[in-house]
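Me: I have a structure open here and would like to talk it through with you. Could you take a look?

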Amino acid sequence: MTDTPPESSPPAPTGAPAGAEASRSPAMLLGLIAVILIAAVGGFVYYQSTLPVPNADRARALLGFGEPVDNVLNPRYTDADGDLVADPPANADALLDPDVVYFSYLHAGASNVDPAVFQTVLFPILDQATGKRFAYLENLGDEKAQLMALRDGALHVTAVNTGAVPLAVNEAGFVPLVTPGEAGAATVYRSVIIAPAAGAVQSLADLRGKTLLVTRPNSNSGYKAPILKLMDQGLSPVDPQDFEITYSYGHEASIAKVKAAQCDAAAVASDLLAAQVAAGAISEADYRVIAESDPFPPITIGVSNQLDPELAEKVREALLAMSLVDSPLAEQVAGGASGMVPVTYKDAFAVVRQIDNRFGQKHALPEAGAEPAEPAQGG
């Protein structure tokens, strides 16, 4: 049996006609030019992608910062009593009276929210007061998903961060009921701008030409309030000559950066800063406060406007009667408050509404059935 030699490429022709070589040259040259052009365009696009986004464009694109707006209750809701909060549906058949009442809370500022604490401490109280069974609605990826679930009737009772309350009221039918407090008064907090104690920034004016570390776009204390504070001092977030913005996506992360002197200054919530000091994560000697805002109410617990009013009232009464002294819930919602007190949206959130309007942050949520945006990473 004769072995067949392996196939190999034929040798390159050495005697190709001159005409054939000439006919290939223009095509090869055009192909080479095309490759060079494609590479050049690709290189230019990549170079452009590595350039920092202009501060003005970044602020407008990421945060919706723009001309002042006048946010009002979505036309799908009615407000017959003028309290700026959605009325219950006029049609009794549209009211929700579920056997299982769903609760959820997404804390935009810290990482201490533990569903198990609500399930073991809060839910038995609410179960007994209402005759219903309370359950935690999990797998809500971000704040928009939380509010969409509330609007669409899948979430019935929820806790909302201060900065998101006006959005929740106007677009999701959120009805604020209570907030942490002492002796009938809400436990307030402030937005503070802090700087490393040994750093060069000792006042707001010193931030000119430097960088402010903020938390996330929808944060009242970690972004909106401090930015307006700087604007009132003549420093604009849309002028790169004034100051730059970077993001930590969490108050704890911002506080850690200040402690490590890895930023010029950071905007955080005063109650979360106090909690980090108490936990030993940062010392008061590590930072200086260079500005603070007017006081804000803390988180607010409320219900969907679709919830049966009798059931909503039972929830409200149970929350007001609940003690937070030595309760595991205190760390989750209270910041040291002894209990819950009533909250009036029209009065308590007037400043927060003004901030959103001045910021040009138009309230909106994706339509029913739409996928909410992916949650931001980092805290």
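**Contacts of a loop residue**

Reply: Leaving aside residues up to four places away in sequence, Gln-306 touches Pro-89, Ala-94, Leu-95, Leu-96, Leu-150, Arg-151 and Gly-153. Please keep in mind that this is a predicted model.

Me: Ok, and where is Gln-306 found?

Reply: Gln-306 sits in the loop that connects β11 (300-304) with α9 (309-321).

Me: Is Gln-306 buried or exposed, and why?

Reply: Gln-306 counts as buried, because its relative accessibility is 18% and the cut-off for buried is under 20%.

Me: What about Gly-131, buried or exposed?

Reply: Gly-131 is exposed, with a relative accessible area of 65%, and its place is in the loop between α3 (115-130) and β2 (133-136). The C-alpha atom of Gly-131 is separated by 8.7 Å from that of Asp-99, the two residues being 32 residues apart along the chain.

Me: Stepping back, how many helices and strands does the protein chain have?

Reply: The protein chain has twelve helices and twelve strands. Of its 379 residues, 44% are buried, and the chain exposes about 18,900 Å², with carbon and sulfur atoms supplying 56% of that area. Among contacts with a separation of 6 or more, 79% are between residues 24 or more positions apart.

Me: Let's do the sheet then. What is the strand order in the open sheet of five strands?

Reply: The order is β8-β7-β9-β6-β10, and the pairing is mixed. At the edges are β8 (243-247) and β10 (287-292), each of which pairs on one side only, and the twist from one strand to the next averages 30°.

Me: How many bridges join β7 to β8?

Reply: Five bridges join β7 (residues 210-214) to β8, and these two strands run parallel. One of the residues involved is Lys-210, whose bridge partner in β8 is Phe-243.

Me: Which strands does helix α7 lie across?

Reply: Helix α7 (residues 251-259) lies across β6 (191-196), β7, β9 (265-269) and β10, and it runs at about 140° to β9. Helix α8 (residues 270-278) lies across β6, β9 and β10, running at about 100° to β9.

Me: Which residues are buried in α8?

Reply: Leu-272, Leu-273 and Gln-276 are buried in α8. They cover an arc of only 105° around the axis, so they are on the same side of α8. The cover over the buried residues of α8 includes β6, α7, β9 and β10.

Me: And what comes just after α8?

Reply: Just after α8 comes Gly-280, which takes a positive phi of about 85°.

Me: New topic, the nonpolar core. How many residues has the largest one, and which have the most contacts inside it?

Reply: The largest nonpolar core has 79 residues, and those with the most contacts inside it are Phe-103, Phe-118, Leu-122, Val-157, Ile-193 and Leu-212. As general background, nonpolar side chains tend to be buried together in soluble globular proteins.

Me: What does Leu-212 touch?

Reply: Not counting residues up to four places away in sequence, Leu-212 touches Ile-193, Leu-207, Ile-227, Leu-230, Phe-243, Glu-244, Ile-245, Thr-246, Ala-265, Ala-266 and Ala-267. There is also a second, separate core of eleven residues, which includes Val-192, Ile-255, Ala-266 and Val-268.

Key
Residues numbered from 1 in each chain as written. Predicted model: local features only at pLDDT ≥ 70, side-chain atom pairs only at ≥ 80, totals over all residues. Heavy atoms only, no water. Helix = DSSP H or I, 4+ residues; strand = E, 2+ residues; numbered from the N terminus. Buried < 20%, exposed > 50% of the residue type's maximum accessible area, 1.4 Å probe, protein only. Contact = heavy atoms within 4.5 Å. Areas by Shrake-Rupley, 256 points an atom, 1.4 Å probe, with all protein chains shown as cover. Pairing = 2+ DSSP bridges. Axes fitted to C-alpha atoms, helices over the stretch in contact; angles between N-to-C directions. Arc of directions from axis to C-beta. Core = buried A, V, L, I, M, F, W, Y, C linked by side-chain atoms within 4.5 Å.
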